[in-house]
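Please read the following account with the sequence and the model side by side.

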Amino acid sequence: MSNYDKFPEVRVTGKDSSAWKGYDSIVAELNTTLNKLGKRTVMVIDCYPGVRYEEILEQMIKPLNADFVIHSDDLAYSGDEITAMIERNLTDDRVFGVMSCHQLHEFYDQAKIDEAKNKINGVNQGLIVIYGVGASLVYQPDLLVYLDLARWEIQQRYRSKEMGNWKVDNHNEDILRKYKRGYFVEWRIADRHKKRLYQQIDYLVDTNVLNQPKMVTGEAFLAGLAEASRRPFRVVPYFDAGVWGGQWMKEVCDLDRDQINFAWSFDGVPEENSLYLTYGDVRIEVPSINLVFRHPAEILGDKVHARFGTEFPIRFDFLDTMGGQNLSLQVHPLTEYIQENFGMHYTQDESYYILDAKDQALVYLGVKEGINSEEMMEDLRKAERGESSFPDDKYINTYVAKKHDHYLIPAGTIHCSGENTMVLEISATPYIFTFKLWDWDRLGLDGRPRPVHIDHGEKVIQWERDTKWVDTNLINRFEKIAEGDGWIEERTGLHDRQFIETRRHWFSKTVLHDTHESVNVLNLVEGEEAIVESPSQAFEPFIVHYAETFFIPSSVKTYTIRPHGPSVGKTIATLKAFVRV
């Protein structure tokens with residue numbers, strides 16, 4: 001039976017009476033607060049793009065019996081005008097855009113805001129409600145409620161065609177183009193706006209589940225983030241199918257056996273994952289990146305914060321091809337290429353740690369010696385046109401993958417995982433920047449060809465990374481760096497060009513860890529169960545299970561891990577990643 005916890009939570013102490021669930025309880029609490037604020041009250045309900053407006057209007061605003069309601073979206077420019085403003089960021093590409101540095105107020109018509117302010121100033125008594133994206137830009141509130149939701153939930157609403165992007169009627173548009181607009185523009189703008197509101201929020205509402213809202217006071221919300229910043233925690237994993245997906249995670253992570261497959265799991269990506277904060281019997285789901293926005297130095301460490309700002313630079317995810325198919329043959333952009341073409345600060349360096357593999361499972365890595373690069377590119381283009389299959393065995397190295405192997409993949413290196421491998425991918429965070437070169441003559445689950453980006457890929461492939469270079473630099477670069485009673489510490493990577501370092505600990509007894517002035521991201525890669533403890537009892541003991549990814553904030557500084565439960569007396573292993581500073 002799987003012990004993998006799909007619903008990890010941070011229990012917030014001392015705030016059990018600070019949260020509510022269901023619209024009846026939420027409206028009652030809001031009414032109690034509004035009744036204390038006087039005869040004329042301006043209530044602002046600021047929303048992250050993707051909130052279901054009709055639900056909020058019908059079940060939250062109307063029961064409050066507001067005397068005057070303004071929808072802030074009506075004060076913004078039209079969808080067509082906004083699209084014209086961000087045209088350079090959207091590009092013509094189906095997948096890639098350019099990172100926006102816009103501010104939310106740029107998309108509002110100041111004349112309309114001034115008109116709305118005049119109308120509000122003319123109201124002498126009663127409840128005035130302003131709701132929508134950027135609602136707090138319209139008027140200084142007496143009461144500020146912020147409605148939030150996870151990025152993964154937004155994507156589900158895109159997929160189901162329930163929702164398009166903000167201010168545009170594109171419900172039926174290609175999901176990749178909707179995601180691109182969110183990733184490169186909307187979410188960046190909304191996050192900048194949200195970060196400024198933390199200290200002002202009176203209540204935060206979790207709107208992830210249809211008609212099942214949860215609400216917490218702003219003070220208790222911030223207390224929950226503060227508590228998480230001082231202790232080990234996990235984020236809420238999500239799992240998704242793919243054309244190459246496998247069957248391993250169904251068993252290990254106890255997933256729905258009736259699904260066709262599970263290709264990905266994001267179990268360590270704060271930009272995408274949620275964080276559960278639990279207050280008494282109310283569990284609030286918020287984007288886990290909120291934690292980094294609020295406590296960047298505590299989570300990341302001072303030096304990492306100085307380099308990356310409030311971006312979380314390390315990502316752990318699963319790629320499951322056990323009983324599935326090869327990933328697409330791909331390459332990631334060099335740092336200068338991603339900076340100059342997409343506006344990103346750093347690129348997607350990564351590695352494959354093999355959690356499991358069947359016999360003769362393969363990893364494709366680097367080019368063979370003596371190949372003709374022009375011929376290879378022409379063969380890739382022939383495959384893209386459907387004229388012939390790409391002869392991968394002519395050009396690309398293959399390596400038989402075994403459990404606990406570690407393949408390092410600095411940007412510019414051609415690579416992919418073959419079928420029947422279970423990969424723990426350790427990566428820098430710009431995860432969308434994969435230049436697919438060939439997709440094995442197949443269609444995606446949507447029946448459409450999966451996009452390839454040969455023109456981009458050709459400009460970043462490092463042709464000198466051939467068989468000899470790969471053998472020397474990228475495969476199982478294990479180095480024992482310390483050992484003690486019942487434990488061994490190994491450096492397993494990453495490559496010198498990559499800012500992430502990984503360490504593997506084999507242990508049957510307690511191991512003392514240091515955070516190295518960086519956030520630590522770990523996974524229990526061998527063994528059933530371990531326990532994380534504070535030498536100074538600074539946090540409650542924290543139990544992790546096989547294949548679970550967990551985070552140790554830099555502020556923790558030191559912690560121990562030892563076998564626990566069914567793993568007592570056995571040798572188990574963790575893989576740890578941190579930023580070299």
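R257 is partly exposed at 40% relative accessibility, a class that lies between buried (under 20% relative accessible area) and exposed (over 50%), with a 1.4 Å probe and protein chains only. Its side chain meets that of E251 in a salt bridge with an N to O distance of 3.1 Å, where a salt bridge is a side-chain nitrogen of Lys or Arg within 4 Å of a carboxyl oxygen of Asp or Glu. This is a predicted model, in which local features need pLDDT of at least 70 and side-chain atom pairs count only at pLDDT 80 or more, while totals for chains, interfaces and linings use all residues. Residues are numbered from 1 along each chain as its sequence is written, and side-chain values use heavy atoms, with hydrogens and water left out.

The structure holds 39 salt bridges, and another of them joins the side chains of D485 and K509, again at 3.1 Å from N to O. Because D485 sits in the loop between β22 (479–484) and β23 (487–493) and K509 in the loop between β24 (500–507) and β25 (511–514), this pair ties together parts that are 24 residues apart in sequence; the helices (H or I, at least four residues) and strands (E, at least two) named here are DSSP runs, numbered from the N terminus. D485 is exposed at 57% relative accessibility, whereas K509 is partly exposed, with a relative accessible area of 42%.

The side chains of K570 and E528 also meet in a salt bridge, at 3.1 Å from N to O. K570 belongs to the loop between β30 (558–563) and β31 (572–579) and E528 to the loop between β26 (520–526) and β27 (529–533), so this contact ties together parts that are 42 residues apart in sequence. Both partners are partly exposed, K570 with a relative accessible area of 41% and E528 with one of 36%. Elsewhere, salt bridges link E489, R491, E501, R503 and R580 in a network.

Helix α1 (residues 23–34) has twelve residues and spans 16 Å from its first C-alpha to its last, close to the 16 Å expected at 1.5 Å a residue, the expected span being 1.5 Å times one less than the number of residues. Within α1, the residues Y23, I26, V27, E29, L30, T33 and L34 are buried. Seen down the axis of α1, these buried residues fall within an arc of 160°, so they line one face of the helix; the arc is that of the directions from the helix axis to the C-beta atoms. An α-helix has 3.6 residues a turn, so residues three or four places apart point the same way.

Turning to the open spaces, the largest pocket holds about 1400 Å³ of space. On a 1 Å grid over the protein atoms alone, a pocket is an open set of points with protein on both sides within 12 Å along at least five of seven lines, a cavity is a set where a 1.4 Å probe fits but cannot get out, and lining residues have an atom within 4 Å of a point. Grid points are joined across faces, edges and corners, and a volume is the space filled by probe spheres set on the points. The largest pocket is lined by 48 residues, with R159, L176, W264, K436 and R450 nearest its centre. The second largest pocket has about 640 Å³ of space, and of its 29 lining residues W152, V236, P237, Y238 and Y276 lie nearest the centre. The helix α6 (151–159) is among the elements that supply at least two residues to the lining of the largest pocket, and α6 gives the most to the lining of the second largest pocket, with four residues.

Five cavities of 30 Å³ or more are found in the whole structure, and the largest cavity has a volume of about 100 Å³. Its lining includes P49, F107, W166, R181 and E186, and the largest share of that lining, five residues, comes from α7.

Lastly, the backbone has a cis peptide bond joining G493 and L494, with omega about 5°, and L494 is found in the loop between β23 and β24. W440, although not a glycine, has a positive phi of about 60°; this residue lies in the loop between β21 (435–438) and α16 (454–460) and is buried, with a relative accessible area of 18%.
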